[in-house]
Amino acid sequence: MARAQRHPTDAALRALRAFGLAYPGAHTKSPWPGHADLAVDDKTFAYLSVEGEPLAISCKLPRSSALALMLPGATPTAYGLGKSGWVSVTFTDADVPMAMLQAWIDESYRAQASKKRVAALDARAAPATRSPRSKPPRSTPKPKPKPRSTSTSKPPRRARPAAR
């Protein structure tokens with residue numbers, strides 16, 4: 001089997017794949033040739049090209065897709081995925097905006113992963129502090145709810161007179 005040619009974007013591709021695989025439960029998934037995608041619980045969160053080809057990436061960006069689509073070369077992902085906020089872009093030279101693509105991978109992971117996985121990620125990111133989404137601790141115990149009354153608002157039924 002012939003070894004793939006080196007491409008100027010191969011180092012960036014390897015770095016992005018390693019970045020994505022560091023997320024809780026992340027794994028590679030290759031549904032068809034020419035892809036080595038990132039997934040969590042079998043849900044793809046980043047479609048990535050393979051080494052030897054220009055770096056191509058597609059991510060689900062529910063919050064920033066409109067902004068991402070303003071970038072040169074960015075397009076809605078094919079096969080109807082663009083309707084759900086998926087954005088694709090291809091880079092042919094070594095000048096790859098790594099910080100931006102890492103932010104895309106992060107947003108896409110959070111969109112595709114379960115709440116439990118995202119909570120694990122947040123806990124790992126700030127172990128000494130609480131998550132910014134969590135509620136502050138209560139200073140006093142929560143009051144117990146009052147017991148419900150078993151009576152109804154209707155008056156009690158009258159007994160029928162005995163039949164003669």
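## Basis of the description

The model is predicted: local features need pLDDT of at least 70, side-chain atom pairs count only at pLDDT 80 or more, and totals for chains, interfaces and linings use all residues. Residues are numbered from 1 along each chain as its sequence is written, and side-chain values use heavy atoms, with hydrogens and water left out.

Six strands form an open sheet in the order 1-2-3-4-6-5, with antiparallel pairing. Strand 1 (26–29) and strand 5 (75–76) are at the edges with a single partner strand each, so one side of each has no neighbour in the sheet. Strands (E, at least two residues) and helices (H or I, at least four) are DSSP runs numbered from the N terminus; two strands pair if DSSP finds at least two bridges between them.

Strand 1 pairs with strand 2 over 4 bridges, and His27 stands opposite Ala39 in strand 2. Strand 2 is joined to strand 3 by 3 bridges, with Lys43 in strand 3 as the bridge partner of Val40. These two strands form a hairpin with 2 residues between them, and Asp41 in its turn has a positive phi of about 50 degrees. Strand 3 and strand 4 are likewise antiparallel, with 3 bridges; their hairpin has 6 residues between the strands, and Gly52 there takes a positive phi near 95 degrees.

Strand 4 and strand 6 pair over 6 bridges, and Thr90 in strand 6 is the bridge partner of Ala56. Strand 6 (residues 86–91) also pairs with strand 5, over 2 bridges, where Pro76 stands opposite Val87.

## Helices and burial

Helix 1 (residues 10–21) lies across strand 1, strand 2 (37–40), strand 3 (43–48) and strand 4 (55–60), at about 135 degrees to strand 1. Helix 3 (residues 98–112) lies across strands 2, 3, 4 and 6, at about 40 degrees to strand 4. Axes are lines fitted to C-alpha atoms, for helices over the stretch in contact, and angles run from 0 to 180 degrees between N-to-C directions.

Strand 4 is mostly covered, with 5 of its 6 residues buried.

## The largest pocket

The largest pocket holds about 260 Å³ of space. A pocket is an open set of points on a 1 Å grid over the protein atoms alone, where a 1.4 Å probe fits, with protein on both sides within 12 Å along at least five of seven lines; lining residues have an atom within 4 Å of a point. The volume is the space filled by probe spheres set on the points, which are joined across faces, edges and corners.

Of the 16 lining residues, His35, Tyr47, Ser58, Thr77 and Ser88 lie nearest the centre. Strand 3, strand 4 and strand 6 each give two or more residues to the lining. Tyr47 and Ser58 are also bridge partners.

## Two buried residues

Thr44 lies in strand 3 and counts as buried because its relative accessibility is 8%. Beyond its neighbours within four places in sequence, Thr44 is in contact (heavy atoms within 4.5 Å) with residues including Asp37, Trp86 and Gln112.

Ala113 is in the loop between helix 3 and helix 4 (115–125), and is buried at 12% relative accessibility. The C-alpha atoms of Ala113 and Gly25 are separated by 8.7 Å, although the residues are 88 apart along the chain.

Methods
Buried means under 20% relative accessible area, exposed over 50%, partly exposed in between (1.4 Å probe, protein chains only).
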